[in-house]
Structure formats: structure tokens, C-alpha cells
Amino acid sequence: MYHTLRFLGFLFILILQCSADPGSSCSKTSSLLDFESEIEMFQHQLRGVIKVLDDCSFRVSEFDMLPGSDVHWWGAAGPDFANLTTGFVISNDKLNKTYKNESFVVRLKSNLTWDQIGVLAVWDIPTASDFGHVVLGDLRNGSGNISLSPDLAPSPAMEPDSSTVRSRAGGVPTMFENCKVLSPNYRVRWTLSADEDSIDIGLEAATGTMNYMAFGWADPKSSPSPMLQADVAVTGFTEDGMPFSDDYYITKYSECMIDKNGSVQGVCPDTMYEGSDPDGLVNNTRLVYGHRKDGVSFVRYQRPLKSIDKKYDWPVNHTGNMTVVWALGLIRPPDALRPYYLPQNHGGPMLVTYGHLVLNVSEHVNDCLGPLDAEDKEDQDFIIADASVPLVVVSGPAMHYPNPPNPSKVLYINKKEAPFLRVERGVPVKFSIQAGHDVALYITSDPLGGNATLRNVSETIYAGGASAQGVLASPMELVWAPDRNTPDQVYYQSLYTQKMGWKIQVVDGGLSDMYNNSVVLDDQQVTLFWTLSEDSISIAARGEKKSGYLAIGLGSGMVNTYAYVGWIDEDIGRVNTYWIDGRDASSVHPTNETLSHVRCKSENGMITFEFTRPLKPQCSRAERQECNNIIDPTTPLKVVWAMGAGWSGDHLSERNLHSATSSRPVRVLLMRGSAEAEQDLRPVLAVHGFMMFLAWGILLPGGILAARYLKHVKGDGWYQIHVYLQYSGLAIVLLGFLFAVAELRGLYFSSLHVKFGITAIFLACVQPVNASLRPKRTANGEAVSPKRLAWEYLHVIVGRSAIILGIAALISGMKHLGDRYGGENVEGLNWALIIWFLLGALMVLYLEYRERKREKDRNSGRSSWVLGNMEEDDSTDLLGTSNTEKESHLSEILEVQLQPLSK
């Protein structure tokens, strides 16, 4: 047992040693060995120090960072846009969390060495964002002690930002030796340089862009009111986003004022008390650096410990305790009378917007654990799109682009650099593009732009493209109308260059703007909105009174209905689908219907939910119940609604049943965008169906049979029957058609039944016209003319095609009736219809057999006969006005009979 414990202890010590120095197996031959540098901040409040340990690892300490999407350690040849965006991941370690003053060791990938890396960065891959980086070795000053591979040599770097000023060689302006928390959103950082009689101070606050940050020393003799006679530095940012830092003196708890005698009092710059300050003797603060990143203001300035100005500045005792004061608040921009940025009253509680404490600047302090995390991180200029005002798009130099690295030229909208746009769904946005022919604007789902397909990345393009380019002399107009299916965030970018644009926030407008149609359902308690597309429908329902859930059902009532229920569950909006086949909780069956773009919210207790679904589910009807939930835009959709106190997605009970419901269904005419109270149209459809059956099932087929099989009867009886039956059938068809169109208030051609019916009616109407244009019949014994032969074939083919389509319309009409009303007798009627036509087909076969036999007997004594030239006459024109006229046209009457020619 003792030896086992000794072995485990030895193993534990060995593991600790290995973990403490993960790079112990690496060589130490690189020229970067022991290189140490602070990380330069660009985004996500990144701070830290790196030190190269050996040829394959480095140590990170004092590391702060807000989380990103997919963050990695990144290597590049140079610090410019072209090199950073073509860089590479150098370690398997990810940085996908918030870091708070942490230290750790990072190993390079096995196939990498330091001479392949000119810049070490923290990089977010999806957004191509540089959170911060370090230029390794002497590459920063160009001495070239690092030997990069020829293919990794940096491209010509961009001009450095003039606002990036380092406090001393090798350091970065965001790093300090000390940090003190003043309030939850305000910190002071400092580095003491006693030998140089100066102190560098950094003020950092999660505050608004037009707010000031003040910090300074109180009068050592004024303990009751430390703010009065305090020597403070007021820092902030101008309207152009440039940092400033000025020396102020407080004589009164008020904004700086000049009285009638010309004396100055309040919180005023030292220069207002003493006049102009050409030599910097009164204003003893020197701005070093400032930035606004991630909603956090940071300004670094330097001041002497002992000032020449003895009247308005207090000397800083760097070895003793002194009272310091601080404040946050709004600042008044300069005007013609007071050309200074003047702090206004901080207007908040003590220790939140102002306060004081005792501080010894020579003592090491660091209680700032982690980065400041502002609630609103969007610092870019903000534009709300207006449908009546175009957005003018041009290009210009990058000054404050929000997502470095970036190209030297970016997009400006309405004279603002890469602003943050806000648009409303359903409200068209007009762009006037004047950015040049090398900039093609497009709206995309890709945050980088520049044609994502070139990076093998998929993107959705919502508007614009290669043709969306123009210049000032001939601008191109692009109109984009975001709809309810547009994501909450998209991007405006250039098709040819990455990272020229920025974000578009898409918010919900009024539902009436987002949807094409709307109706108020029964009892005026629920409003239904919808937009039809080719193969889907987007639906929204809004309750007009408070409830725990809102449900709409597609059916005549809450039984045998497909229901959509929206409710709020622990502040999360949910929408579920159900099949209801009874009146108790056990009859509510969840379904797996395919819904997209689902949203549900509650405003003042009133539920609104939205979803998009296919018109026809992509599954077999026999497969699942929801596969029968088909929406036919040409058919009125019956809709009911219900509300209740609460809903559950898991276990329903009787208390989930509705407390309010619609009195009756409403028929929503999807194509027309209107609604009406439910009416039972089955009697109307029954009359329509009977008329069509009488025409297509009896009269019209009877007329054809008379022309085919009754010519052996002497006289013109067959012709009378043929004409009267055809005209009677056609009249009934037209009456039935007009009756249905009038009652259904419209004619929609997407239905198969309508397509069959319209085609059959058209062919039936062609027949009388065709008959009036028939060529004359030849005399007995003469050959039939080609025109007469062609006409006879056309007349027969059109007539029989009309009958076939009419029968198909009858059968599809019965199916349509079943889909619409689900009647129990529809299937029986379908079988009766099929049997009727089968009996008719058997009768035709029998008559055809008799006719063939009769012709055979009749032709046995004749040597030859031809088509349409028989002893039987074409009959007389029964529609004529006199017998004389009938006899004169005896040879011109219609004969519908096709027979083979005898040789």
C-alpha cells in the first residue's frame, strides 16, 4: 500500500510538471525566444500580454476578452487587411468564452514555426474580425529580425490610424499597471512615472457616446464637499467621434456660467478662468489616446504630478493618500457663446454616476476582473429607413469602421460611414447607389459580403447584385421590400469587395404592412393576416383581448379541425399544431406539421403568433393525419378561433380548454383577400352538379349516340334527336357554369376540376360553330372532297373529346366536393357515377356491334361506298323557317359518321 501511494504521488508531481510547462519538449532556437508584448485592442475589450516560451508555445497573461462566435489564435504575414484576411489558425485552442484577467499557455500546431508568423492575432472566423493582435519581433519597426517565408511576406500596409498613439515604445495605450473600479460601469486605470513627474490615466466607462467621464483630485483642505475646488480632467468624444481631454476646476455645483460681471463659476475649463492658454500652462492634461469600442468609452491622458498652474491645479502626492473625485453624465457640445464641451449635472445616485474615494497612486491596485460589458454595443451612426426618402449610397475612406480589419474604402449612407440601418418588414426601402462602377450593392445574409460563393460559403441574396451600381451623374435606384420571412439581421455589402458595409436590423412593422391581406374573424375578437406565395402561405393571428393562449382552427368548428395554438411559456413564444377530433382534452392530438418562420409574442396580454406552412404537405395522405391538411387557395378557407387562460405543450387537461370561442366559422377567400360568414353551399353545388350530370352524362352523349346509331331509321328522326339533345345539353352546361360562378363569387383556374370543365365547355361551344361551317356533301357516287373529310374528322374528334373532358370534370368535381365538405355520401356518389358511365360504355359496345352487323348486311349487295356518301340523306335543317328552305339545303345538312372506305 505504501509503495502504491508513493507511485501515485510521483505520478501526480510528474503531471503537474508537464502541465506547468507544456512546451518543455520544444526546442528553443527561435529568435523570438522570451519576446514579450502587450496585445493591441481592436474589439471585444481585448487586453493581455503574450510571451514566447519556446519554438512551439507562448504564454498569455492578464487576458480579458468578451466572447465572439468562433474565435481562434490566428497567424498572418502582416497587420494589414489583405494579410490578416488571408491568415490561418495557429493553435487548436479556441477562445469561445469571456476571459477575466486569466493566464494560460498556448501551443502552436505541429506543422507551424514562429518564422511563418509575422502577426499573432485573436480572430473571429465567421465575421473575419480582428479582436486584437501583436506584431512579432522587430517587424513592427522594420528591422526585419524575423525571416518570413517568401510567400508570406506582408503586402504593403495601410496607413496607420492617426488616433492610435502609443504612450511609449513597445506598449499599447489600453494597458496600465493599475486599475480601480469606481462604479459597475466605470473604471480608472493608471501608470505612475514618478521619475518623469507624470502619471498616465485611463478612464473607461460603459456609457453613451455623448457622455463625459470626469476624474481628478480634491482640495486637500476641503473634506466636507470634495467636489468643490476639485481639479478634474473631463474626457469624452466629439460629434465626429474624436476623443478629447481638458483640465477643469469646480467652483460651484452647476454647469459653467458667466455672470453679468464677467466672472466664471461652475464646472469650467481652466482656460475659461485664465483666458487663452497658448503655452499649455493652464490646461495641463495631454490627450494620449481614445476610442469607442463595443459601447465602451476609453480615453487615456497624461498629466504632471506637480503642475505649473498653482491656482487651479492640485499637486499629486504620489506616495500618500489623497481624495479623488469622479463623475459620469451628459455633456453639452460647444456653441457660439461657450466654445467648450461643458459637463451637465450627473443626475444619478452616488457611487453610480459620481463619488469620491481615497487613493494612493503608488500602491499596486487591480480589482478590475474582466472586461466591461455594455448592454448596447452598437456605436455606429444609426439610420432608420423611411419609405419616402431614398438612402444615398456612396464610397469613401475608412475612418471608424466598426469591424476591423477593413479595406481603405467603405460604404457611406447619407454621408455616414457604414451606419447601422433599421428597416421595417413590409416597408419598401429605396437606395440611390452612387458609389462607382466598382461597387455593386447587395443585401445579403453573409456578414462579409464580397460574393460569399468565392469563399465556398453559402449566402442568401435579398436584393441587389452586379447591376446595382451607379455614379453621381447616373445613380442606380434599388428598391428592397423586406418581408416577414426576412431574418432579423442582414447586411448591406459590396459584391466585389469584402467588409465595405455593415448591419441591417429588420424589425416588425405593423402586421398590415407585413401581410398582403387581413380580415377580422367572427365576434371581432381575432384578426387574421395572410400572404400567399406559389407553394406556401404565411399566416398571422392577433388576439384583440387578453388571454393565456390563442388558437385558430381550419374547419367548421373546433371538432375535426386542424388547430394552431400560440402561447408564452416562460417568456418564450411557442406555436404548436394539433388535430382535434372531439370536445375533451384527450381529443387534442399534437401533429408534426412543417412550420417555418414561427414567432409568438404577447403585448399587454394579447397574443400574436405567426408561421409559414406549405399549401400542400409533402407527405402521403395515408401516412399521417396532418398530411390531409391541404389549403386550396381557390377554395374558401373556413376559420374558427378560441382563447383560454393557459396552454401546455406537454400535458393537456380540461383547464386548457377555451374560455372564449367564435360563434361560427368565417369563410376566408384567400385569393380575393376578403371573408364572409360561413354559408353551406352544398345545395348550390348539388344543383350545379345535377345540371352538369344531366348535360354531360345524359343529353350530350345521347345526341352523339343518335347521330351514330339511328341513321338506319327512315326520315330525319336521328337528326332531330341529335340537334335538340346537343343544343339542350349545351344550354344546361352554360346555365350550370354561370350558376356556380355567381354563387361562388369567382372563377379560379388552379383547380383541376375547373380546368377540365372550362376545356370541355369550350370544345362544346366550338361544335355549333363548326357545324355551321361544314362543306357541302357530294352527290352519290362521287368521291368525298378533302375539306368535307377533314371537317367530319374534326367534328367527331372535338365532340368526343368534349364528352371525355366533361366526364373527367364530373368525377373531379365529386372529389373536389369531398375535399371541401368531407361529406359521407361523396364516395358513394363517385361510385354511382363511375357505374353509370360503365353501363353507358357497355351500351355503346352493344350498339356498335349492331351497327357493324347492319352495315355488313347492307353492304353485301354493293360493290363500293365512300365516307359520307350514302343513300341516307343528311336530313333536313329542323331549325329552318320553311319547308322550301329545308329542301333547298337538303344536301348541306350535318352528318356525323365515320366509316371505312371499301376497295
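Modeller: We take the cavities, then one serine. Keep in mind that this is a predicted model.

Colleague: How many cavities of 30 Å³ or more does the structure hold?

Modeller: A cavity is a space where a probe fits but cannot get out. The structure holds four of 30 Å³ or more. The largest cavity has a volume of about 40 Å³.

Colleague: Which residues line the largest cavity?

Modeller: The lining consists of F215, G216, W217, D231, V232, A233, D247, N284, T285, Y301 and R303.

Colleague: What is the lining of the largest cavity by class?

Modeller: Five residues are nonpolar, three are polar and three are charged.

Colleague: Now the serine. Where is S812 found?

Modeller: S812 belongs to helix α8, which spans residues 786-821.

Colleague: Is S812 buried or exposed?

Modeller: Compare the relative accessible area with the cut-off: under 20% means buried. S812 has 12%, so it is buried.

Colleague: Which residue's side chain does the side chain of S812 join in a polar contact?

Modeller: That partner is H753, at 3.4 Å. A polar atom of the S812 side chain also lies 3.2 Å from a backbone oxygen, that of A809.

Colleague: What does S812 touch, not counting residues up to four places away in sequence?

Modeller: S812 touches L752, H753 and F756.

Note on methods:
Residues are numbered from 1 along each chain as its sequence is written. This is a predicted model: local features need pLDDT of at least 70, side-chain atom pairs count only at pLDDT 80 or more; totals for chains, interfaces and linings use all residues. Side-chain values use heavy atoms; hydrogens and water are left out. On a 1 Å grid over the protein atoms alone, a cavity is a set of points where a 1.4 Å probe fits but cannot get out, and a pocket is an open set with protein on both sides within 12 Å along at least five of seven lines; lining residues have an atom within 4 Å of a point. Grid points are joined across faces, edges and corners, and a volume is the space filled by probe spheres set on the points. Ala, Val, Leu, Ile, Met, Phe, Trp, Tyr, Cys and Pro count as nonpolar, Asp, Glu, Lys and Arg as charged, and the others, Gly among them, as polar. Helices (H or I, at least four residues) and strands (E, at least two) are DSSP runs, numbered from the N terminus. Buried means under 20% relative accessible area, exposed over 50%, partly exposed in between (1.4 Å probe, protein chains only). A polar contact is a pair of N or O atoms within 3.5 Å; within protein, one must be able to donate a hydrogen and the other to accept it, and residues adjacent in sequence count only if both atoms are side-chain atoms. Contact means heavy atoms within 4.5 Å.
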